[in-house]
Amino acid sequence: MTVPSPFNGLLAYPITPLDQGSGDPDLRALAGLVARAVRAGVDGVTLLASSGAGTSFSPEERAAVVGTAVRAARDAGPGRSGSQVPVHVAVAAASTAETVRNAVAAQADGADGLVLTPFSYVPLVDDEVVALFEAVAAETDLPVCFYNRPAQSGYDATPEVLAHLAGHARLRGLKDPAGREGVSARLDAVRAAVDDEAFAVGLSGDLAMTEGAFTTLPASDAWHTGVAALVPAEYVRLRRAHVDGRPLDAVAERSWLLALVRELGRLRPVAGLHALAELLGVPTGPPRGPVLATPPGQTAGLRTALARRPAAGPEAAGS
């Protein structure tokens, strides 16, 4: 029997909350974010990706973040499938050696999977990307999700490269931009090339996903989102309605989430998520420099959107 990919469903990417005095990771606040997301019904949690500013933390800080999140997810109980919700860790770094160290450490700290985007100061080519993923696979036993960020990295993974990595480097998922041109044809091409039930073709980009949830967005195995870690109950209901083809079940959530992510789109990416977290009562300071805090005068739109938040349903308990 085929084992399903661990990168299926709604995958929440929390910020890494920071102590407002010391600037150290606030592990208690992080544990609360993870537990609430799990209890609301997300299918997985991914730490230390772009939302979590993973490249700004030392190895010791990364270990504390991963260990805290793993324990919080386990203590929150099984997910709606009856199994414990997996915790994945983003491991990208500026060198292959550091990426491998991050991956080995994540496995030692209890991670269930790895998320990796090829990162370099110059755009990579296929052979270099393949070598990177194969180096990680040689030193760990965990499944890997390819975080494809062509606009930022200058590299766009082809279906052929993804198929090779699925066969040779334990690649079990793709996180691809939902707003890219020809996204439906792109997903079809990846599925045809990989041809593996254990491979999850997923999308990211909150604005494109919420705008197209009941119109142009193609079916996918997963949604990867940082916003879902902060407002998980609404995102869970939106995702389920999209998958089940029941738009009337999620009209309020879709409309509200769309307004919220549009406001976030007016802010700097990671700083905007920290500002939203603070407005939701999550104790955190701004992300680490060089990223600056969102000026208070720029959060009026977020405040207005939060004031119009729909009444919480059963899944929102504790969120």
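User: Which residue forms a salt bridge with Asp156?

Analyst: In this predicted model, the closest N and O atoms of the pair are 2.6 Å apart. The two partners belong to distant parts of the chain, Asp156 being in the loop between α5 and α6 and the other residue in the loop between β6 and α7, 24 residues apart. Asp156 itself is partly exposed, at 31% relative accessibility. The residue that forms the salt bridge with Asp156 is Arg180.

User: Which residues are linked with Asp156 in a network of salt bridges?

Analyst: One member of the network, Arg186, has its place in helix α7 and counts as buried at 10% relative accessibility. Leaving aside neighbours within four places in sequence, the contacts of Arg186 include Asp156, Asp176 and Arg180. The residues linked with Asp156 in the network are Asp176, Arg180 and Arg186.

User: How many residues apart in sequence are the parts that the pair of Arg288 and Glu61 ties together?

Analyst: The side chains of Arg288 and Glu61 meet in a salt bridge, with 2.6 Å from N to O. Because Arg288 lies in the loop between α11 and α12 whereas Glu61 lies in helix α2, the pair ties together parts of the chain whose separation in sequence is 227 residues.

User: Is Glu61 buried or exposed?

Analyst: The limit for a buried residue is a relative accessible area under 20%. Glu61 has a relative accessibility of 16%, whereas Arg288, its salt-bridge partner, counts as partly exposed at 23%. Glu61 therefore counts as buried.

User: What is the N to O distance in the salt bridge between Glu253 and Arg237?

Analyst: Glu253 is in helix α10 and Arg237 in helix α9, 16 residues apart, and the pair links these distant parts of the chain. Both ends are covered, since Glu253 counts as buried at 8% relative accessibility and Arg237 counts as buried at 12%. For this salt bridge, the closest N and O atoms are separated by 2.9 Å.

User: Which helices are included in what covers the buried residues of α11?

Analyst: Helix α11, residues 269-279, is mostly covered, with eight of its 11 residues buried. Among them are Val270, Leu273, His274 and Leu276. The cover over these buried residues includes α10 and α12.

User: Which residues is Pro287 in contact with, leaving aside its neighbours within four places in sequence?

Analyst: Pro287 has its place in the loop between α11 and α12 and is buried, with a relative accessible area of 7%. Its C-alpha atom is separated by 9.3 Å from that of Leu273, 14 residues apart along the chain. Leaving aside neighbours within four places in sequence, the contacts of Pro287 are Leu18, Val270, Ala271 and His274.

User: Which peptide bond is cis, with omega near 15 degrees?

Analyst: The proline of this bond, Pro290, has its place in the loop between α11 and α12. The cis peptide bond runs from Gly289 to Pro290.

User: Is Asp195, which has a positive phi although it is not a glycine, buried or exposed?

Analyst: Asp195 is found in the loop between α7 and β7, and its phi is about 50 degrees. Leu48, whose phi is near 65 degrees, counts as buried at 5% relative accessibility. At 67% relative accessibility, by contrast, Asp195 counts as exposed.

Note on methods
Residues are numbered from 1 along each chain as its sequence is written. This is a predicted model: local features need pLDDT of at least 70, side-chain atom pairs count only at pLDDT 80 or more; totals for chains, interfaces and linings use all residues. Side-chain values use heavy atoms; hydrogens and water are left out. Helices (H or I, at least four residues) and strands (E, at least two) are DSSP runs, numbered from the N terminus. Buried means under 20% relative accessible area, exposed over 50%, partly exposed in between (1.4 Å probe, protein chains only). Contact means heavy atoms within 4.5 Å. A salt bridge is a side-chain nitrogen of Lys or Arg within 4 Å of a carboxyl oxygen of Asp or Glu.
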